[in-house]
Amino acid sequence: MRKIGVLLSFMMLIACDTFGYRPTNTMLPEYVHSIAIAMFENQTRYRGFEFDLTQALVREIQTKTSLKIREEQEADSILTGQIVKFRQPILSEDSFDRIKEVQIQMTVQFRWIARHTGKTLAENTITESSEFAAPRRENLSTSTQEAFLRVAERIVHLMEENNF
């Protein structure tokens with residue numbers, strides 16, 4: 001009987017995803033139904049990060065909020081931001097000075113505004129980190145993607161956290 005319940009729950013999740021269900025119980029302002037996500041600026045020397053972070057934000061907003069992604073002229077709100085810092089401090093080395101563990105640290109500033117009024121709905125500077133260990137066959141790319149995901153999650157959380 002438990003297997004049938006799990007199977008039905010799984011089928012409901014697939015159906016909701018297939019038919020474009022979006023959560024409606026988010027704590028966003030009532031008058032904001034859509035968002036334009038501008039390409040984040042990248043003030044670091046690491047090229048391409050702006051694309052990865054913007055993509056992570058699009059996915060997070062699509063899956064965790066009821067907001068529709070629109071072009072700027074059609075959206076109720078606009079999300080802008082910039083990657084201001086990216087560091088890779090070494091956490092540990094082996095006896096041959098080979099890197100064993102590195103921490104990724106990323107600092108991002110963002111601003112979410114209501115397009116018609118210009119009112120700032122949320123604004124913050126956040127820093128997220130993630131680690132990778134070479135002996136576990138982890139790498140810089142997967143660790144960086146994890147940091148982008150964490151930043152996107154935090155931005156969406158802060159967007160919802162403001163009391164409107």
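Student: Is Thr144 buried or exposed?

Tutor: Buried means under 20% relative accessible area, exposed over 50%, and partly exposed in between, with a 1.4 Å probe and protein chains only. Thr144 has 5% relative accessibility, so Thr144 counts as buried. Before going on, note that this is a predicted model, where local features need pLDDT of at least 70 and side-chain atom pairs count only at pLDDT 80 or more, while totals for chains, interfaces and linings use all residues. Residues are numbered from 1 along each chain as its sequence is written, and side-chain values use heavy atoms, with hydrogens and water left out.

Student: Where is Thr144 found, and which residues does Thr144 touch?

Tutor: Helices (H or I, at least four residues) and strands (E, at least two) are DSSP runs, numbered from the N terminus. Thr144 lies in helix α3, residues 140-161. Contact means heavy atoms within 4.5 Å. Not counting residues up to four places away in sequence, Thr144 touches Phe49, Phe86, Ile104 and Met106.

Student: Which residues of α2 are buried?

Tutor: The buried residues in α2 are Phe49, Glu50, Leu53, Thr54, Ala56, Leu57, Glu60 and Ile61. They cover an arc of only 160° around the axis, which puts them on the same side of α2. The arc is that of the directions from the helix axis to the C-beta atoms.

Student: How is a pair of aromatic rings described?

Tutor: By the distance of the centres and the angle of the planes. Rings of Phe, Tyr and Trp (its six-membered ring) pair if their centres lie within 6.5 Å; planes under 30 degrees apart count as stacked, over 60 as edge-to-face and the rest as tilted. The whole structure has four aromatic pairs. One of them, Tyr46 with Phe49, is stacked, at 5.5 Å centre to centre and 10° between the planes. For Tyr46 and Phe86, the centres are 4.8 Å apart and the planes are at 65°, so this pair is edge-to-face. That pair links distant parts of the chain, as Tyr46 is in the loop between β2 (41-42) and α2, while Phe86 is in strand β4, 40 residues apart.

Student: Which residues do ring pairs link into a cluster?

Tutor: The cluster holds Tyr46, Phe49, Phe86 and Phe148. Phe49 counts as buried because its relative accessibility is 11%, and Phe86 counts as buried at 9%.
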